[in-house]
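Open the model in your viewer and keep the selection tool ready.

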Amino acid sequence: MAFTRPTGKHRRPSRAVRVGANVAGIATLTAAGAVAGVAGPAFASDGAPHTEDTGLTQAIVIGDDTADRVDAQAETQRSAADEATARLQAETAAKKQAADAKRHADEAKRKADAERAAKERAARDEERKRLNTFVMPIEGSYVSTGYKASSSLWSSGSHTGVDFHAETGTSVHAVGAGTIVEAGWGGAYGNNVVIQMSDGTFTQYGHLSSIDVSVGQAVTPGQQIGLSGATGNVTGPHLHFEARTTAQYGSDIDPVAYLRAHGVDL
């Protein structure tokens with residue numbers, strides 16, 4: 001449907017009217033998401049964008065320089081986005097690597113701690129076993145006079161211990177772990193040592209030629225406490241060995257049975 005002006009004469013719209021119409025047309029197309037272009041001069045001589053009046057709407061023509069700048073800006077934005085993505089990926093990888101390293105370090109520490117604890121337990125068990133071990137007072141010796149043997153040589157009329165064969169100067173050992181409660185002259189026993197054992201019993205070593213320990217000293221199984229001899233009431237060098245329930249004379253028990261009960265084979 002056509003409109004005519006009251007004068008009856010068709011005239012070209014003024015510039016203000018054309019511009020307004022063109023702007024309205026562009027706004028309408030933009031709101032609809034359309035990109036319009038019509039034939040006309042493609043580029044201005046100065047490379048700047050300009051408009052072409054199509055009679056229907058206004059087409060925006062972009063010069064080469066402007067298009068290049070837009071492409072460059074878009075490429076810069078893409079590069080920045082790529083760099084940000086790469087940086088984020090690198091940070092994520094670094095955090096994962098650090099977490100993995102920490103986990104491996106923690107696992108290695110736990111393993112080392114467990115191995116150390118196991119070694120410490122084994123060492124304690126070995127030490128406990130060693131301290132609970134009993135040995136002969138004189139290595140490779142034998143009983144030359146038995147327990148409760150009768151003779152006028154002893155004041156009680158019988159032997160309160162056993163005699164182990166030994167020449168003077170033979171190493172005498174503590175039969176087990178304990179603490180020295182007596183070390184010195186013992187009358188008829190000559191130079192003697194008495195040990196309170198870890199199980200509460202007592203052992204005595206008599207007729208020593210020398211003493212290597214002192215009262216209050218802790219000793220371990222097999223530790224040398226002196227050298228055998230012939231001091232005190234003796235007829236020749238040997239070691240007199242007693243086992244007792246107390247430190248006092250008269251509380252003696254069978255030394256051979258005592259040693260055997262503690263695992264000594266004799």
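Does aspartate 100 count as buried or exposed? Select aspartate 100: at 18% relative accessibility, it counts as buried. Buried means under 20% relative accessible area, exposed over 50%, and partly exposed in between (1.4 Å probe, protein chains only).

Before moving on, note the ground rules. This is a predicted model, in which local features need pLDDT of at least 70, side-chain atom pairs count only at pLDDT 80 or more, and totals for chains, interfaces and linings use all residues. Residues are numbered from 1 along each chain as its sequence is written, and side-chain values use heavy atoms, with hydrogens and water left out.

**Colour by confidence**

pLDDT is the predictor's confidence in each residue, from 0 to 100. The chain averages 82, and 75% of the residues score at least 70. Now select residues 1–45: the pLDDT there is below 50, and the stretch has 29 contacts in the model beyond near neighbours in sequence. A contact means heavy atoms within 4.5 Å. Where pLDDT is low, the predicted coordinates should not be read in detail.

**Helix H2**

Select residues 64–131, which form helix H2. Helices (H or I, at least four residues) and strands (E, at least two) are DSSP runs, numbered from the N terminus. Show charged side chains. The whole structure has 8 salt bridges, each a side-chain nitrogen of Lys or Arg within 4 Å of a carboxyl oxygen of Asp or Glu.

- Glutamate 75 and arginine 78 meet at 2.5 Å, N to O. Glutamate 75 is partly exposed at 39%, and arginine 78 is partly exposed at 46%.
- Aspartate 100 pairs with arginine 103, with the closest N and O atoms 2.8 Å apart. Being 3 residues apart in H2, they are separated by about one helical turn.
- Aspartate 113 pairs with lysine 109 at 3.0 Å between the closest N and O atoms. Aspartate 113 is partly exposed at 26%, while lysine 109 is exposed at 53%.

**The nonpolar core**

Select Phe164, Val193, Ile195, Tyr205 and Ile225. These have the most contacts inside the largest nonpolar core, which has 25 residues. Such a core is a set of buried Ala, Val, Leu, Ile, Met, Phe, Trp, Tyr and Cys residues joined through side-chain atoms within 4.5 Å. Strands E4 (162–165), E7 (191–197), E8 (202–211) and E11 (238–244), together with helix H3 (255–261), each supply at least two of its residues. Centre on phenylalanine 164: its contacts beyond four places in sequence include Met136, Tyr142, Phe241 and Leu266.

Select E8. 7 of its 10 residues are buried, so E8 is largely enclosed by the rest of the structure. Two strands pair if DSSP finds at least two bridges between them.

- E7 pairs with E8 in the antiparallel sense over 5 bridges. They form a hairpin with 4 residues between them, and glycine 200 in the turn has a positive phi of about 95 degrees.
- E11 is antiparallel to E8 over 5 bridges. Threonine 203 stands opposite alanine 243.
- E10 (residues 224–228) runs antiparallel to E8, joined by 3 bridges. Look for serine 210 facing its bridge partner, leucine 227.

**Two positive phi values**

Stay in E8 and pick histidine 207. Its phi is positive, about 70 degrees, although it is not a glycine. Histidine 207 is buried at 5% relative accessibility. Finish at lysine 148, in the loop between strand E3 (143–145) and E4. Lysine 148 has a phi near 70 degrees and is partly exposed at 43%.
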